[in-house]
Amino acid sequence: MIRNYLKIAWRNIRKHALYSTVNIIGLFAGILFFFLIGAYVWSELQVNRTLKNAPHQYILTSEWKDPNMGYDLATLGPLALRLKHDYPNLVKNYYRYDGITAIVSKGEKLLKQNVQMGDSTLLEMYGFKVLHGDPVTALHQPFNVVITRDMALLYFNRTDVVGETLAIRSFKDTVHDFKITAVLDNLQENTVTGLTPTYPSKVFVSVANAGYFGRTDLDTWQNNQIASYIELQNGVKVTDLAGPIRQLLKQNTSAVVQENLRVNPVLLTRYHLHRNNQAVLRTIYTLTLAGLFILLMAVVNFINVSVSSAGTRMREIGVRKVIGGRRRQLIFQFLSESIILVAIATLLAVAAYPVAGGIFEGAVGKSIPPLSSFPLYFIGIPVLFILFIGIASGLYPAFRLSAVNMIHAMKGTLQSVGENRLLRKGLMGFQFAVALLVSAAAFIITQQVAYFFGKNLGYNKAFMVSAQVPRNWSKPGVDRMIAIRDQFAKLPGVAAVSLSYEIPNGNNGGQVPVYKSGADSATALTLQLLSTDEHYLSTYQVPLSAGRFFDGYHRDSGQVVLNKTAATALGYPSAAAAIGKQVRVPGDPTLFTIKGVTDDFHFGAMSGKIPPLLMFHINFNPIYRFLSFKLKPGNVPASLAALQKTWSALIPEASFEYRFMDEDLNILYAKELQLKKAAYMAGVLALVIVLLGIFGMVSLSIQKRVKEIGVRKILGASVAHIIKLFAKEFVAALLLAALVAIPVAYWLMRGWLQNYAYHIRISGGIFVIIVLCIACITFLLVSVQTAKAAMANPVKSLRNE
Amino acid sequence: MLLQLRGIYKWVNTGINRTFLLKDINLDIDEGEFVSVMGPSGSGKSTLLNVIGMLDDFDEGTYHFMGEAVQQLKEKQRTALYKQYIGFVFQAYHLIDELTVYENIETPLLYKGIKASERKALVADMLDRFQIVGKKDLFPTQLSGGQQQLVGIARALIGNPKLLLADEPTGNLNSKQGEEIMELFKQLNQEGVTIIQVTHSEKNAEYGSRIIHLLDGHVERKGQ
């Protein structure tokens, strides 16, 4: 019997090839999107779960009352170590690291790498698979290094490289060989080796190298930038740590820190999903919802097309009933048809997964796991999916069609089924509403993203290129780099060059508490610290509000420059009023004179208000990372080539890896750009599915109404009249959907825009444009389809009665 | 007595008027009869046939089929009853276009849940009897009207019904094909199948043992 159902179903599908294709394409798109989202969600949920003893692995995060005082993803250097040493029955193990960017080289290969300088416990604590070497001793000694398989292949083209050496450059311009003591298998995504997911570390050295790299000792309590992890003993609750942490802070830190800092141990498996205001979790929810909606649309489409196309199958249904088909048997037959269609769509989706994955990756900013990486039992998912969606989408048509009155059915005069106008319009309206909602969201996101990159940055990003330079953070190091800078400035394609620690990408080096000279030091405000040279302002073309910028040539001793926000925050009535005033840093007797006040510019992302900034000259705060070049408009590739050439001559120890400011902003706004891509994808999908649905319904409607068209034409209807006849229905559904979708979209998108301190205003025009666009596309589609029927000779359609 | 209709009324309400489709039909049909129902368009022939075939309800009166009071049966029981004892033949053949000749004939057996081997034997018999073995893999659209109707009759007979209901079985056929079909009916009747046919043609009606004339929903006169 089943075989018979399948056979008949297959023939029916082939006979109604057009509708089957429409159905399959719609379902295929929906299912593919759903699978991709499923894969993404799965991979996000896998993060940190592969770590050994994952249910007991925690990261110590910091909550600073004044967010300018420290990072939330790091904490005080010795805390994790002391927890383990002082409370061994609570804490089983600990790992801390200081992340550094260093040039790692082997022979000709000079490459910047993210290096973790961390505790020797790393390899054992998390059970990372070691391909070669001894995990116990690998990170005990200075000048030893552990690398991943990727790195081994990159530098040596093989993996058994224990005993080989890699040269790592310090920040004091010295180079030392590091002996490879272990090679790890490639690491699955986790927040230990990849605390910032975009820059996972693949090179690990011991904390014993702190001196070589000139880093603050991990064992001083003033160091608040150390990523710290602990593993709890079995049966210990995380709340049991609250007391010990408070105790340790009390013993070792100042009242200010105790006042401001709360250390929260967070379960690693939870941390990945919940950090950054639950960013990943929210993405998962948003995408899952989008996926479900798209899938629902596809299913709705399927139902719509099935029910409408049933009109042409009424006679068959009637005959089947008369010759003894029971309702249940008919239901089975319809279900087997829908299951076959869903199966085809699902198989196509699985086949298209690897290709579509590449496009989808751009939207979620993360590679989608290949099919081969799923556990074997995942093979059951498409099977269950086929059954579930097949039944879900086939059930309604099956029940509806098998319930028809057979006498009517036999006569083929069935008005009741295909003509269930209200339901069909309702479903159509739902699809339109989703399409409108998603398109409006995509539109508004696009506008906001354009705003990020627009003219109100406060500086001019056009033709800005920056490159990281090797570090030698000493006075002579700075002097040498300034000399190099001046060499670059002489190039004909270069308008200006600046040496600084920061570029406006949101990553600044630190904070500094500042108060007005003469006031109580307790009134100190935390300002974001920038270290720049005297060309910074002119290179980035930030306007100066009052006073002067740095002069250079060591003439800026004791001088600082503020931004407007900082001047206001410190209580000066105007920018000009701040000039020449003196400020102090608590605990430092130096009096700093305010030399200038700049206009506000967006140093970080627009999600936050522009923070108060304070700038030191790099002569007096000798740290630097970037050379920023303002190129002259014109032949940019030639200018870059000239830069490259000069770089090789002046800085042979590092490669010239440059980025345009736009690329930096792309990184800064990666999430938003991803969201934009995701919204586009969802928008296009939603629209395609809606249009497929309309296409299917119109062609069926035409088929059913051929006679009506003929009669109307004989009565004098023009082609336009007839097109209108068909389009009317859809445009009405669209307008109705707009009434629902627009307020929802407005409300949702306003909520999203609230995340940004600086954002666009939603104008009603956007919605009008979108509704009009979709209406036009719908009308066009209906016209094209109807035109043929409308132009046919009515005699023909009326004759075949 | 195969079936007995007493005071059967069927109507539809159109606004305030009630239009009668069947009016006070009283009819007894014995096993082995071959009854022809005649009458002009709209006289209620097909409605009567559908009521007898239990495809359609009636509003008043009693209907006994093989001793069972049809009006008292539940939908399910009624379906079971007609499925077991009644075969239908239609003017427009009503074969399922997606199925081959073989499958069309086989479908009622599938719905009855008969085993594959038995099904095969029954269908083969039927094909043989109607001499359409060579056409068994063709689809209905590949056959002539007469051949299609043969398949339709074969399908109606495959369940071995007691009663064959035929609604203008020759209406779409030319006279020669029509004659063949009527000869077939006669032969079937002789083999013991009770037949009720609706027809426009006096000539075809003559094949029957009894003719019933309908006019505006009631029986005009009964004749031999």
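1. Burial in chain A comes first. In this predicted model, 43% of the 801 residues of chain A count as buried. The C-alpha atoms of the chain fill a box of roughly 100 × 60 × 50 Å along the principal axes.

2. On secondary structure, chain A has 25 helices and 21 strands. If you look at contacts between residues at least 6 apart in sequence, 81% of them join residues at least 24 apart.

3. Now the domains. The assignment for chain A gives domain 1 (77-252), domain 2 (420-453 + 669-801) and domain 3 (464-664). Note that domain 2 is written as two segments, 420-453 and 669-801. The C-alpha centres of domain 1 and domain 3 of chain A lie 31 Å apart.

4. How many residues of domain 1 of chain A are in contact with domain 3 of chain A? There are eight, and they meet eleven residues of domain 3. On the domain 1 side, you'll find three nonpolar residues, one polar and four charged.

5. A helix pair to look at: α11 (residues 327-364) and α21 (residues 670-704) of chain A have axes that come within 6 Å and cross at roughly 130°. Angles over 145 degrees would count as roughly antiparallel, and 65 to 115 as roughly perpendicular, so α11(A) and α21(A) are oblique to each other.

6. Where do these two helices touch? From α11(A) come Gly362(A), Ala363(A) and Val364(A), and they meet Gln674(A), Lys677(A), Ala678(A) and Met681(A) of α21(A). By class, this contact has four nonpolar, two polar and one charged residues.

7. Is Leu530(A) buried or exposed? It is buried, because 23 other C-beta atoms lie within 10 Å, and the cut-off for buried is 20 or more.

8. Who are the neighbours of Leu530(A)? Setting aside those within four places in sequence, Leu530(A) is in contact with Tyr501(A), Glu502(A), Asn508(A), Leu613(A) and Met615(A). His617(A) is 87 residues away from Leu530(A) along the chain, yet their C-alpha atoms are separated by 8.5 Å.

9. Last, the contact between the chains. Chain B puts in 16 residues and chain A puts in 18. On the chain B side, helix α3 (residues 101-112) gives the most, with five residues. That side of chain B has seven nonpolar, four polar and five charged residues.

Methods:
Residues are numbered from 1 along each chain as its sequence is written. Chains are lettered from A and ligands numbered from 1 in the order in which they are written. This is a predicted model: local features need pLDDT of at least 70, side-chain atom pairs count only at pLDDT 80 or more; totals for chains, interfaces and linings use all residues. Two residues are in contact if their C-beta atoms, placed from the backbone, lie within 7 Å. Helices (H or I, at least four residues) and strands (E, at least two) are DSSP runs, numbered from the N terminus. Ala, Val, Leu, Ile, Met, Phe, Trp, Tyr, Cys and Pro count as nonpolar, Asp, Glu, Lys and Arg as charged, and the others, Gly among them, as polar. Domain bounds come from an automatic or database domain assignment. A residue is buried if 20 or more other C-beta atoms lie within 10 Å of its own, exposed if 12 or fewer, and partly exposed in between; C-beta atoms are placed from the backbone. Axes are lines fitted to C-alpha atoms, for helices over the stretch in contact, and angles run from 0 to 180 degrees between N-to-C directions. Angles under 35 degrees count as roughly parallel, over 145 as roughly antiparallel, 65 to 115 as roughly perpendicular and the rest as oblique.
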